[in-house]
Amino acid sequence: MDPLMTKLHFIESFCEFEWSATTVTRIAAMYVEVSMPKQLRTLVVDKLISHMSKMQLNELPPLVYQIFLHSKQIERKHTISGIVDFFNSLEDTYLNKNSKVSTTQNGPDVKSILQVEGTVLLHIHFCVQQDHEWGTEILKYVKQGKNKRVVSKSSSAQNLSTFLLAMILNVGSISLFKENVFECLKSLLMLSTRDHVYNMSAIWGSGKS
């Protein structure tokens, strides 16, 4: 078998195994510089993202950094979506007031979660500084579907979570993106206001109070 095909087959097979949470970040770092097709790189990134839920909180920031490094040659929106979805789920589980999970009994405390998110955002900030395309893709991700409605709400405004908002502000701290982030947030605020008025009008029109 061709040496290149052997290498690619090994990586693909390796991704099918269960990786130890204590070695995931080191494995990720080991494969960053390995040349591989886009499809296989996406497989590796998906594997890394899937392991985020199995990691200790303090192990997440370096893993997220490695995921960003791996994602330079694939569809970046895919990576951004995976990371945002993970932290949204984390917040919904442990920080949401309506959550049935107690942070004191069954999971990390609020302070630990916020500290980890802050460190992750620092890593993302560094990645955006090194590669401006990340900032562009994050803004595209935030704006996606802003003219579409999901249950009478603009999807981008509806899906603006705490972590995603922090990510936008994080990108906005870089001078190159400051104006674009301001315009993005202004647009989201206007959409949110419009949707609120729309929903209130619908309630009044139906005779509900």
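Trainee: How many aromatic pairs does a search of the whole structure find?

Mentor: The model is predicted, so local features need pLDDT of at least 70 and side-chain atom pairs count only at pLDDT 80 or more, while totals for chains, interfaces and linings use all residues. Residues are numbered from 1 along each chain as its sequence is written, and side-chain values use heavy atoms, without hydrogens and water. Rings of Phe, Tyr and Trp (its six-membered ring) pair if their centres lie within 6.5 Å; planes under 30 degrees apart count as stacked, over 60 as edge-to-face and the rest as tilted. The aromatic pairs found in the whole structure number seven.

Trainee: Why is the pair of F86 and F87 edge-to-face?

Mentor: Both residues are buried, that is, under 20% relative accessible area, where exposed is over 50% and partly exposed lies in between (1.4 Å probe, protein chains only). The ring centres of F86 and F87 are 5.1 Å apart, and the pair is edge-to-face because the planes stand at 85°.

Trainee: Which residues does F87 touch, not counting residues up to four places away in sequence?

Mentor: Contact means heavy atoms within 4.5 Å. With that sequence limit, F87 touches M52, L60, V64, E117, V120 and F163.

Trainee: Over which ring does the charged end of K47 sit?

Mentor: A charge sits over a ring if NZ of Lys or CZ of Arg is within 6 Å of the ring centre and within 35 degrees of the ring normal. Ring pairs link F10, F14, W19 and Y31 into a cluster. The charged end of K47 lies 5.4 Å from the centre of one ring, that of W19.
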